Structures are given as structure tokens and as C-alpha cells.
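Here is a walk through one protein model. We take its aromatic rings, then its nonpolar cores, then a pocket.

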Amino acid sequence: MADASSRDRHANEAPPRIASGPRKPVWLLPHELLSEGAAAVRLRRSILLLLGVVSFGTIGYMVIEGWSVWDSLYMTVISVTTAGYKEVHPMSRAGELFTMVVLTVGVATVLYSFSFVMARVVEGDLESRWGRRRRERMLDELTNHFIVCGFGRMGLIIAQEFTRQGIPFVIIERDSERMQQAVDAGFLAVEADASSEQVLKRVQIDRARGFIAAVSTDAENVYAVLTARLLKPDLYIIGRAETEDAKVKLVRAGADRVVSPYQIGGLQLAQTALRPAVVDFVQIATSSENIELNMEQVQIREGAVLAGRSILEANLRQRFGVVVVGIQRSDGRMEFNPPPDSVMRAGDHLVVLGHLDKLRALEAAAGEPAPVRH
């Protein structure tokens, strides 16, 4: 039963297809999605019009002048293409009138088809060059961003949340269909293997703020985390795990945090059943859609004006209108509901609740250097 349940979960996740060999990264952006359907219809229409004109002319010369199929086809082609050769045979008045019709309709059809083909060639080349330059520029300018590996259901939620909060990020997805979905949604994305060192370097992992391994299989997540940790030892890495064994392996590979969606989902259901009011409060406090109240973490920087001062001495409640829910010390210990005389030290993270504008002011104070006293 456990194996069947695991197979069902992976089927729902629709894991990406694994290529048999190394793949060259494909950089895609939303503006590159051209209307290929309409272009194909127009191309077929042009071909049918040309064939229709040639057939019409050939049959017409055969009926009016009584020429052979080859002579009629040859006369039609040199008329449509305005080659300027003399007539195959002397023509009657009816034949001359028919030739004028073939010339008028044929030249118009050829110009229509030629203009379409040239427009596709020129526009496609310009679009490709402009798109490539823009992609390269956006990737070169990435800094303090998150690298999101995998664009399944979790990857989509992560991308939407980062977009709402204005956090720069880039998606790495090796499945072409999911890649198309990311592009359609307007996200900067790379179609490639998240465990490739070349790809991670191209998405500026050396300047990244964090790395999220949210691929649908544990093996790929472990490999991606290991590669990212080797490239940047101090990078903040979050890994997704399906099983307890995978959680241990992700930590060994270098993940700072490991998240199990099924464990979190189960706890959320249990808490909602037992303490719905508490769950509602936490959702309101942590939701980015709530513009009045937010729960945020604020780091106390080295040499900041708040470093070395107590909560009461810093007068956080009166100055910023925030409630300090907890303090995560630099060694990882968490102090919940700290007393007013708790001292804030450099490297600590304050977990605070308040209005968004007040939280931004507190973040500025937490990073603002203390005045130098002579």
C-alpha cells in the first residue's frame, strides 16, 4: 500500500522527463511565444493561392489556345513571374485578354506570398536577436535573487508568492511542457538541469540570495542541493523531501532547511481542526495579500543602532508599532515572547508583527550603523 501511495503521489506531480544525455540550456521568455498557428494558416493560404493561379492559367491556355499541358504551364509560369520571355505561340485576342488576367492575379499572389516569407525571415531574425540580448541582460543583472528548481505545483506557488512580494528569482525546469507554463506565466526561466554547474553559474548562483530545490523527486533534489552547496558554501538552501530518509540525505548534502509538503499539510489539517482561530490568525499575519498586518523576520546587523540594546531600551513598540513575537539567536535558539529586558545582539533575527511600512522602518533601523561617539 505504501508503494502504491508513493506511485500515486509521483504520478500526480507529473515528474519531468529525464534526458538520456547532457542538454544545452534553452533560455526562454514570454515575448518569444509567437503565433505559430496563425503563421501556419497564412503560409498554407499563400501556397494554395499560388497553386490555384498556376492551375487556373494552365487550364485556361489549354482551353482557349488549345496548347499542350507543358506549353500552357510554361506560359503561365513566365507570366506570373514576369520573366519577360516571348509567347510560346502566337495568341488570339481571347488569349491576350486571359494573359492580362493571369498577370494581374498572379503577380498580386506572388507579391503577397513573397512579402509574407520575407517578413517572417526578417522579423524572426530581429526578434531572435533582441530576445537573446534581453535574456542575457536579465540573467547578467540577477543579484540577491532566489533560484527555484522545478516548476510543478509547489514551484508555481513559490513563483507567485515571490512575484507578489517583488522578490527577484529565476526558475530552472528541464521539462518542456512545464517550461512552457512558466514562460506563459511571465517568469524568467531556464530549461535545463538544475544539477548542472554550468547552468547554476549562468543564473548567477554566486550572487544568489537563496536556492530552493522543489523538483518532484528526492534524488534530483539531493543532487541539486549538493551541486549548489559545492558552488557556494554560504548559500541559504531549502530542499523539498518526500520521505524521512530523503530529509536526512538533503541535510547531509548541504540543505539549511528541509520541508516535507505532506507533513506540513497534515499538521495544517490537524491544527485547523483543533485550533481554527489560531490558524486563521497565522494565515492573516503571514499572507502577503494582507496589507494591514504582516509577520516578518528582521536581522540585527553588525554595528547597527539596535545591536546591544534591549527591547525596552530600543522602544520598539512605541517607535515602530510592532510586537516582538520571538527572537532567534545567532546560534539557532528561539526565544518566544521575549521579556522587555531581552538584549538584541548582532546576528539575531527578530520575529515581529506589525504594519508593512513600520516593518520596513524597523528593517532600516536594524541595518543602520550606530553613531560614532568621540
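**Rings, cores and a pocket**

Phe146, Phe151, Phe162, Phe169 and Phe187 are linked into a cluster by ring pairs. The model is a predicted one. Across the whole structure, a search finds 7 aromatic pairs. Take Phe151 and Phe187. Their ring centres lie 5.9 Å apart and their planes meet at 65°, over the 60 degrees that edge-to-face requires, so the pair is edge-to-face. This pair links distant parts of the chain, 36 residues apart. Phe151 sits in the loop between S2 and helix H5 (153-164). Phe187 sits in the loop between helix H6 (176-184) and strand S4 (189-191). Both residues are buried. Phe162 and Phe169 form a tilted pair, with 5.9 Å from centre to centre and 50° between the planes. Phe162 and Phe169 are both buried too.

Now the nonpolar cores. The largest has 28 residues. Ile147, Val170 and Phe211 have the most contacts inside it. Strands S2 (146-149), S3 (169-172) and S5 (210-213) each give two or more residues to this core, as do helices H7 (197-202), H8 (218-231) and H9 (244-253). Leaving aside neighbours within four places in sequence, Phe211 is in contact with residues including Phe146, Ile147, Leu200, Val225 and Ile237. A second, separate core has 17 residues, among them Ile300, Ala314, Ile327 and Met344.

Last, the second largest pocket. Its space is about 240 Å³. The lining has 13 residues, and Ile311, Arg317, Val322, Val324 and Pro340 are the closest to the pocket's centre. Helix H12 (311-314), helix H13 (316-320) and strand S10 (323-328) each supply at least two lining residues. H13 gives the most, with 3. By type, the lining divides into 9 nonpolar, 3 polar and 1 charged.

Definitions and conventions: Residues are numbered from 1 along each chain as its sequence is written. This is a predicted model: local features need pLDDT of at least 70, side-chain atom pairs count only at pLDDT 80 or more; totals for chains, interfaces and linings use all residues. Side-chain values use heavy atoms; hydrogens and water are left out. A nonpolar core is a set of buried Ala, Val, Leu, Ile, Met, Phe, Trp, Tyr and Cys residues joined through side-chain atoms within 4.5 Å. Buried means under 20% relative accessible area, exposed over 50%, partly exposed in between (1.4 Å probe, protein chains only). Helices (H or I, at least four residues) and strands (E, at least two) are DSSP runs, numbered from the N terminus. Contact means heavy atoms within 4.5 Å. On a 1 Å grid over the protein atoms alone, a cavity is a set of points where a 1.4 Å probe fits but cannot get out, and a pocket is an open set with protein on both sides within 12 Å along at least five of seven lines; lining residues have an atom within 4 Å of a point. Grid points are joined across faces, edges and corners, and a volume is the space filled by probe spheres set on the points. Ala, Val, Leu, Ile, Met, Phe, Trp, Tyr, Cys and Pro count as nonpolar, Asp, Glu, Lys and Arg as charged, and the others, Gly among them, as polar. Rings of Phe, Tyr and Trp (its six-membered ring) pair if their centres lie within 6.5 Å; planes under 30 degrees apart count as stacked, over 60 as edge-to-face and the rest as tilted.
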